[in-house]
Amino acid sequence: MFKMMNLYPLRKFTFPVIAECVSPDVFQDKNQKEIEDLEILEGNKQKRLGELFKVEETRKEQETIITVYGDVSKVRRIGAYMTDGEIIIQGDAGMHLGEEMKGGKITVHGNVAGWAGSTMKGGTIEIHGNTSHYLGAPYRGSNRGMRGGKIIVYGNVGNEAGTYMRKGLIKIYGNAGQFAGLRMRSGTIFVQGDCEERAGACMTGGKIVVGGFLESVLPTFTIESVKKKVKIEEKIVKGPFYLFLGDLTENGKGRLYVLKEKNPQLTNYEKFL
Amino acid sequence: MDIAIRDGKIVEKVNELRAEKVDASGMIVMPGGVDIHCHIAGSEVNTGRLLRPEDHFRDFERKTPKTRSGVGYSVPSTFTTGYRYARMGYTTIMNPSMPPLEAKHTHEELNDTPMVDKGTYPLLGDWWFVLEYLKKGEIEECARYVAWMITSTKGYAIKIVNPGGLEAWGSGRNLSSIDDQVPYFDITPREILRGLLKVNKLLNLPHTIHVHTNNLGKPGNYLTALDTMKCVEDLASEDKPAIHITHCQFSAFKGSDWRTLKSGAEEIAKYINNHSHVTLDMGQVIFTDTTTMTADGPFQYTLHELSGNKWVNHDVETETCSGIVPFRYRRKSYVHAIQWSIGLELALLIKDPWKIFMTTDHPNAGPFTSYPRIIGWLMSRKAREAALNRINPRARNRSLLPSIDRELGFYAIAIMTRAGQAKALGLKNKGHLGVGADADVAIYKMNPETIDPSRKYKTVRKAFKQAAYTIKGGEIVVKNGEIMQHVKGATMWLDVQVSNPVEITDEMKRRFREYWTVEYENYPVTENYLEVSHPITVKANV
């Protein structure tokens, strides 16, 4: 059964709300009453979804779409483990958005807190605002990073985006924080804006493309060549780019592309070519 | 047949009209499970918890009106450990490695492990005092110090980990055979093992020496394991076990490197079948994400180099060292699949179940919650075949398991999981249901007379996972896999009485000041430190 659900938060949440149940997989095959009865945690209190959100059902001939209107920046784990369908959030979203998702799409027209797309395996997350630290990174201590899927951010991103990444694509149209692609093994990170220091620290594989200013490249990276263009998922990005290989502390073969035009401070490296 | 219980003991009979009755007809009744080797408390376990936040994230238990909350899959928090053991019908567990310096910490955690009786073995194989006295050949003096140490750390047995190797690791080296010299002390692992075995006999300790062999986790180490068993052959008496080789799976690798790794289980099983002075436990590998933690620092370093995972390594002053590395055993890895096979081969090729016990060396080869799976594999060839079909094909071709038809019965399982372990530990009141035994009973929901475990292995697995009843000290603590009440278990420790105890001289206090970060006055664990103390008095021959 295909349907469209609208959720409106009934009040401003002061405590974190854990809302794993806000997911197309859970909403499927449930009527409005059953959805309102879904269990949800507010702080340490067990509540019903209907106590925190107004649920509205509008039928439509397409796959399950959940639209959340309003500020849900305290609501965590929206769309966790989802495999299909779509979630649209018209407002800010909380931590762990789309954690371990396998398919489907999440669109946020606002800002998102940390750990968005944590350990995701497939699907797409589109964030039209900014997002915080640990984008697509695994939970603390774990080394099982992002394994597929796509994350597109139109705003800025905090530190440690794409930590332990193994597959997939992270596209950042704004600026990125420190340690982008920390310990990444494979996959692609594209930063159109500026990137703070230590990009690609401890990376052993994969590709990081910086289209903006990168103050310094880690000393454990060596320059390989100057490339005219870089291919990111079928699309060609024109350069020229400096290509660095690293991280040598980990015997890594990761590739770090830095746009030549925006980074005159790196011209020193050309003498090693 | 009825089993009568009064005041926490099994008795001849009770007044049937007034007694509370548990109907176990059509079910299997066993003594409460005994685990001879599981790392559940102490500084290394706690460091493992700190090292692995992701382990807690995956697995957690909510609090209920009767139980406390807890987290952790491979290194669960103390309360959860107790509950999970009780749910499987286990009532006695032994924590195998306690650096004596960390004894207070270990006992604090054991105090907080409910539902089960427990004990802990202090690590004495690389303690400087032991090495010094063994070097001088003063066995009786050594015995007096060991007695002092066991009593003052409230330990239960002598644990020896990589004898001499840990001391060598202090200077960045390791020993590769039992005849290598320990730097500075100039004695060999052979002398340490023989010396401590003599000490063990002099002190009349209930358990044998508990040995983690040299060269653990290296290809070709089955020879070291055999050497270790052989080197104490002449010291054994009256067909009694004299040495316990723990997590033997890790010591049964054949081959010259990881690529040519093969199982050495056949050779070890052959030796064990012909000798009666050794007991073993399996250390069965489970294909899962787990945390390895041993006092074997050099081995853990190798493991970190192999896996590239995060790690902790630690030197415990004059006593031992330790290391922790998270590890994932994969079905498709040749080495891991061979390891999995070795554990089961050992258990099936050794004919006498009184000599081999079921463990996973929790959490080194897998969490203890996987015991029902292992029981399934041991009881059913079909279960083994199902698992074999999913492992690395090269490992499958080299495994001995397809050629083994043996399927263990319920009696053999009862011995391997309870009676044998209790006997090896010298626990007279555990592991049986005779009159006078502690009233620790596990009842599982399956009829041993009608069920065919070789075909219905999944039913068996399910039954062992959730005990229908666990009775601890005469109280029903678990019913249908649910905790009915939170009870405290006792901490068993040895009060070793020697005729001429160690005098705490100024010389010893000076050594404490010089070698340890702890003053002598703060070192021993006093009895009031244990919440439920259960001293076992042992009269020594020195």
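Modeller: This is a predicted model. Start with helix H10 of chain B, residues 265-274, and what covers its buried residues: helix H9 (222-230), strand E13 (262-263), strand E14 (278-281) and helix H12 (334-349) of chain B are included there.

Biologist: Which residues of H10(B) are called buried, and what makes them so?

Modeller: They are B:Ala265, B:Ile268, B:Ala269 and B:Ile272. A residue is called buried when 20 or more other C-beta atoms lie within 10 Å of its own, and these four are classed as buried. They sit on the same side of H10(B), because the arc they cover around the axis is only 100°.

Biologist: What is buried in helix H5 of chain B, and against what does it pack?

Modeller: In H5(B), residues 128-136, the buried residues are B:Phe129, B:Val130, B:Leu131, B:Tyr133 and B:Leu134. They pack against helix H6 (139-152), helix H7 (165-169) and helix H8 (189-202) of chain B. After H5(B) comes B:Gly137, with a positive phi near 80°.

Biologist: What makes a set of residues a nonpolar core, and which residues have the most contacts inside the largest one?

Modeller: The members must be buried nonpolar residues joined through C-beta atoms within 7 Å. The largest such set has 155 residues, and B:Val130, B:Val146, B:Leu196, B:Ile268 and B:Leu346 have the most contacts inside it. H12(B) contributes the largest share, 9 residues. Beyond its neighbours within four places in sequence, B:Leu346 is in contact with residues including B:Ala265, B:Ile268 and B:Ala269, which are among the buried residues of H10(B). Another core, of 76 residues, lies apart and has A:Ile40 among its members.

Biologist: Where does A:Ile40 find its bridge partner?

Modeller: The partner of A:Ile40 is A:Lys47, in E4(A). Strand E3 (residues 39-42) of chain A and E4(A) run antiparallel and are joined by 4 bridges. Two strands pair if there are at least two bridges between them, so E3(A) and E4(A) qualify with 4.

Biologist: Why is the sheet with order E4-E3-E2-E7 in chain A called open?

Modeller: Strand E4 (45-48) and strand E7 (75-76) of chain A are at its edges; each has a single partner strand, so one side of each lacks a neighbour in the sheet. The sheet has 4 strands with mixed pairing.

Biologist: How do you know that chain B agrees with a compact globule?

Modeller: For 542 residues, a compact globule would have a radius of gyration near 24 Å; chain B has 22 Å, so the value agrees. Of those 542 residues, 56% count as buried.

Definitions and conventions. Residues numbered from 1 in each chain as written. Chains lettered and ligands numbered in written order. Predicted model: local features only at pLDDT ≥ 70, side-chain atom pairs only at ≥ 80, totals over all residues. Buried ≥ 20, exposed ≤ 12 C-beta atoms within 10 Å, placed from the backbone. Helix = DSSP H or I, 4+ residues; strand = E, 2+ residues; numbered from the N terminus. Arc of directions from axis to C-beta. Contact = placed C-beta atoms within 7 Å. Rg over C-alpha atoms; globule rule 2.2 N^0.38 Å.
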